[in-house]
Amino acid sequence: MNSLGLIISYLVFSFFHFYQLKHIKNFQGASQIFRLILSSFGFVCMVFMYAFLIYLGIKSIWYYPIILFISGITIKFIYSFIESKFKIKDYQLIFSLLGFVFIPITIFFMLKYFPN
């Protein structure tokens, strides 16, 4: 198992998913179709994340998904701190939209580095 690859891909996944959830929360666009797509994608990502962590706990050491989950939460706090400190809320939309590309890529790597 390539633990570092799994950790990095999970944290990148967490980063983009975090910004998509923030975009959903602060959505001010006129397109309700885009809001539906964004919400649906965010929901699917959330279901995948929890299913992935549960399955990882079953297939590997039970505390490994807990470490990943806590690492993801810690990184989200760091993102929020940096965002508020440097007032970079304008990048929320960019990171959210980039998530449509990078989240599937990170899912691929999360599955690639999954323990056998």
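**Helix packing around H2**

**View 1. Helices H1 and H2 cross in a left-handed sense.** In this predicted model, a crossing counts as left-handed when the near helix is turned anticlockwise from the far one by less than a right angle. The axes of H1 (residues 3–25) and H2 come within 10 Å and cross at roughly 145°, where axes are lines fitted to C-alpha atoms over the stretch in contact and angles run from 0 to 180 degrees between N-to-C directions. By class, their contact has 14 nonpolar, 5 polar and 1 charged residues.

**View 2. Helix H2 packs with helix H4 at an angle of about 25°.** The axes of H2 (residues 32–59) and H4 (residues 91–112) lie 12 Å apart. H2 is therefore roughly parallel to H4, a term for angles under 35 degrees. Their contact (heavy atoms within 4.5 Å) includes Phe-34, Phe-41 and Phe-48 of H2 and Phe-100, Pro-104 and Met-110 of H4. By class, this contact has 14 nonpolar, 2 polar and no charged residues.

**View 3. Several residues of H2 are buried.** Among them are Leu-38, Gly-42, Cys-45 and Leu-56, with buried meaning under 20% relative accessible area (1.4 Å probe, protein chains only). The buried residues of H2 pack against H1, H3 (64–86) and H4.

**Notes.** Residues are numbered from 1 along each chain as its sequence is written, and side-chain values use heavy atoms, with hydrogens and water left out. Because the model is predicted, local features need pLDDT of at least 70 and side-chain atom pairs count only at pLDDT 80 or more, whereas totals for chains, interfaces and linings use all residues.

Key:
Helix = DSSP H or I, 4+ residues; strand = E, 2+ residues; numbered from the N terminus. Parallel < 35°, antiparallel > 145°, perpendicular 65-115°, else oblique. Nonpolar A, V, L, I, M, F, W, Y, C, P; charged D, E, K, R; others polar. Buried < 20%, exposed > 50% of the residue type's maximum accessible area, 1.4 Å probe, protein only.
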